[in-house]
Amino acid sequence: MRRAACAAALAVAVAASGCAAGGPGGFAGPAGGATTLRVLAGSELADMEPLLEEAAERTGVTVELEYTGTLEGLARVAAGDAQDYDAVWFASNRYLHLYEGGRDRVREETPVMLSPVVLGVRESRADDLGWTEGAEVTWSDVSDAVRDAEFTYGMTNPGASNSGFSALIGVASALADSGSALTAQDVERVAPELAAFFKGQELTAGSSGWLAQAFTERAGNGVPVDALINYESVLLSLDRDGAGLRPVYPSDGVITADYPLTLLAGPGEEAERGYGLLVEDLLSRDVQADIAERTLRRPVAGGASGPDFPPLVELPFPAHREVVDGLVADYFSDLRRPARTVYVLDVSGSMKGGRLTELQESLGALTGVAGESLEQRVQAFQEREEITLLPFSTEPHEPRTFVVEPGGSEASLDEVSEAIGALEAQGDTATYDAVREAYALVEDAPEDDHLTSIVLMTDGEVNWGTGPAPFERELRGLSPRAARVPVFTVLFGDAGEDEMADLAEMTGGRVFDAREQSLEEVFREIRGYQ
Amino acid sequence: MSPLHLPPGWRARALLGAAAAVVVALVVAIGAVLADRWSGGTTVVEGVVGSEKVDFFRDERVVARLAELGYEVRVRPRGSRLMARDADGADFVSPGSDTAADHIRRDNGASTEYRLFSTPMVVLSYEPLAESLREAGVARRAEEDGTWSFDVAAYLELTAERTRWRDLPGDSVGSDNRNEVLVRTTDPRTSNSAGMYAAVLSYLLNDEEVVPPGGPDPEITDRLSGLFLAQGQPPESSQQPFEQFRDLGPGHTPLLWAYEAQYVHAMVNGPALPQDAVLMYPEPTVYSVHTLVPLTEAGDRVGALLADDPELRALATRHGFRAEGGDAFADLVAEHGLPVRTRVDDVVNTPTYEALEALLSGIEDAYDDSGMSPPAPEERRPAGGRDRGEGA
């Protein structure tokens, strides 16, 4: 799809996928007659690309989408750091409106479609639990199922993705059951219930789309997760593709995304006209019906036909950023299952010099609070988290494991930082041996409730030790607990693209590319998946 | 993009604009601005208006009529309280209350204002919920014409006990809704519609007297703040919650504070509200008087046209607004068989601008104060954090 988007002359340019330079920029501007809107968007809007291309043909308004995380993007807008864009398009502007002055950055916003964040449960599991169609299921019922029936689910990272963020606010509000908007006192009061609820979180991800994919892969690998908390549209799309998911609409309420296309306050008349034309087109009855049919989001303009969507109860969204930020911070430090990560780090001879320094600085950044935004703060290593550094070259080096002690995180993080600083580069690249060692560490880890993953960073092709085929055979011999652990691979320097892709795929992980963005950005992005 | 796909008239306007700029640039440095404002015999006029009037100004019939009269009016929506501040470069502003208009007029040293049309504030709900509220003594249905009343004093009593929907009598769709019974409003810090809500409630809380200027009774401010804060994050303007009421149904927005015009417009022009949507007249209610304050000559001429041109006035009626004199509004609602009261009797006056402003400022403080929470995460570690490069 992306390839096609780049090729078509009038296509939606996807800057994030690297085709902006060859995109329709040359056709834009008043001289050529067409209007181009530069839009900073959430990755969940990617499925709108084909519809935007069609809209461009009708309206002459081309949309250049560039993707970023919702909270990160909205924080940029609030800080006045989005001058490169005419508009932003995220699943929700709620977080922006919590910033004092956030509204002043906006000239106009228009909700384009709707999708509540609900629960999709495997049909067999739903039947077991009596969650049949029309049954009244609350978020506390889900919590009970976690406690009594080993119910598991996947949910995106609330610091990185709007669906996880909305789920966190929704679940907290529902469990607080105060009937009105969540307060800081409520959050404190229901912390034990929330921690119990999040015991069931078996899968996390930095994006709603990848979460859905990982959910499907886990089932394929024989280690299924029972349910998924995600947009109704994502759940219905999965089910349309045969996932056998039953949407469950918690009767104590949900938070609904309204996808406001938002014109920023800065851009001029040209952008305003383009925005007006685009909004008019997107809200027209036919396009609304098309959106409903193709993306399974609910239409906003009354009268559009489309699939039948069941009614739902909306929970009030907190009016204060302090409440929201506090809840998100608590989620990472206290409420969620802590992360256990084995960082498998290539320190072979080719890493000598600049590459090693970049690795040290990038990983070292996670030991500090470098950023101001909520997303950056929660990307840092969190209390209770376990971090293992496993450097390797010709063979795996001695692993070092650190736990970020609650209350004493400063000292723990200093140790991690020191260990990263002490890395030295020398020798060959025996990648599979190192990953095998990482899995051995995972097998030996205590059987606690940590969410475990492996991150593999390498800058060159494997030239020593075990090859891919024997390694893949060994993977099949892992215990079910270790078999669930994904390897997130990082392409750096001259890393073997195919090898890294295969390794990620066979373990249910994902490849991240540190050749087009910085290694630090990649390590930060991976934090959303841990 | 081929020029053939240009919006109609765009290219011609651009060429004319460029030509005008060349000429004017010889004379004064502000040529570009004039080129922008003067295009092909049409004067471009910019207005900042309450979001409830955006549809009216963007209605193609209104656009066409104004074009016939020589104007292209571009509007951008803003809450009434933000309007005065955001009026930079605008030719007129049009808030939804005459007191706000007075204030903007004084602030800008404008001498005139046009009272264009008015609309009473209403409460929208859904039939099963209205029935529950009827059983709880909050809603009533008139026997004569089937129109609904919403007893605001009874509602205040209900909310004092923080009643939830599931606690109400009857087996309605609200029976498994755990949310408090609360009317959803816009943001009182920015929006006119919420200001009107504060006007009605403060009248009742002040023993049925319009709150006077000067420091408001803290008890009244507290009670009102509670009713706003409990709703959570409020929408800035009235159009968005109205659309959510329409699109997401009774579970999303059981009760909505709205302009009557929004209801009438939707029912007359579509997209219509769902069949079981119910229009209720708060007792008492207030009238929102939509006023235009001109800030430039051109804004003044547009104001005069909107106030006097019969065709534009007829179009305003089609948008659900009530204009003084004539039966146009009554004819319209009769024609469409709407459960609308052509006469709304139980109406109170809005407080003066200063009195309402004092009340709303008190509520604004409550928004600021109530956010107190444990220290933000960055405060949990020593200030300054650590140097990013330290690990190297």
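**Conventions.** I noted that this is a predicted model, in which local features need pLDDT of at least 70 and side-chain atom pairs count only at pLDDT 80 or more, while totals for chains, interfaces and linings use all residues. Residues are numbered from 1 along each chain as its sequence is written, and chains are lettered from A and ligands numbered from 1 in the order in which they are written.

**Strand β9 of chain A.** I then went through the pairing of this strand, taking strands as DSSP runs of E with at least two residues and helices as runs of H or I with at least four, both numbered from the N terminus. Strand β6 (residues 113-122) of chain A pairs with β9(A) in the antiparallel sense over five bridges, where pairing requires that DSSP finds at least two bridges between the strands. Strand β7 (residues 153-154) of chain A runs parallel to β9(A) and is joined to it by two bridges; in one of the entries I checked, A:G154 has A:L228 as its bridge partner. I also recorded that five of the five residues of β9(A), 227-231, are buried, meaning that 20 or more other C-beta atoms lie within 10 Å of a residue's own, with exposed set at 12 or fewer, partly exposed in between, and C-beta atoms placed from the backbone.

**Chain B, overall.** I counted 16 helices and ten strands in chain B, and buried residues make up 47% of its 392 residues.

**Domains of chain B.** The assignment, automatic or from a database, divides chain B into domain 1 (9-118 + 289-335) and domain 2 (120-288 + 343-367). Their contact takes 26 residues from domain 1 of chain B and 27 residues from domain 2 of chain B, a contact being two residues whose C-beta atoms, placed from the backbone, lie within 7 Å. On the domain 1 side of chain B, the largest share, four residues, comes from α6(B).

**Confidence.** I looked up pLDDT, the predictor's confidence in each residue from 0 to 100, and chain B averages 83, with 82% of the residues scoring at least 70. For residues 1-36 of chain B pLDDT stays under 50, and the model has 34 contacts beyond four places in sequence there. Residues 372-392 of chain B also stay under 50, with 42 such contacts. For the complex, the predictor gives an ipTM of 0.82 and a pTM of 0.84.
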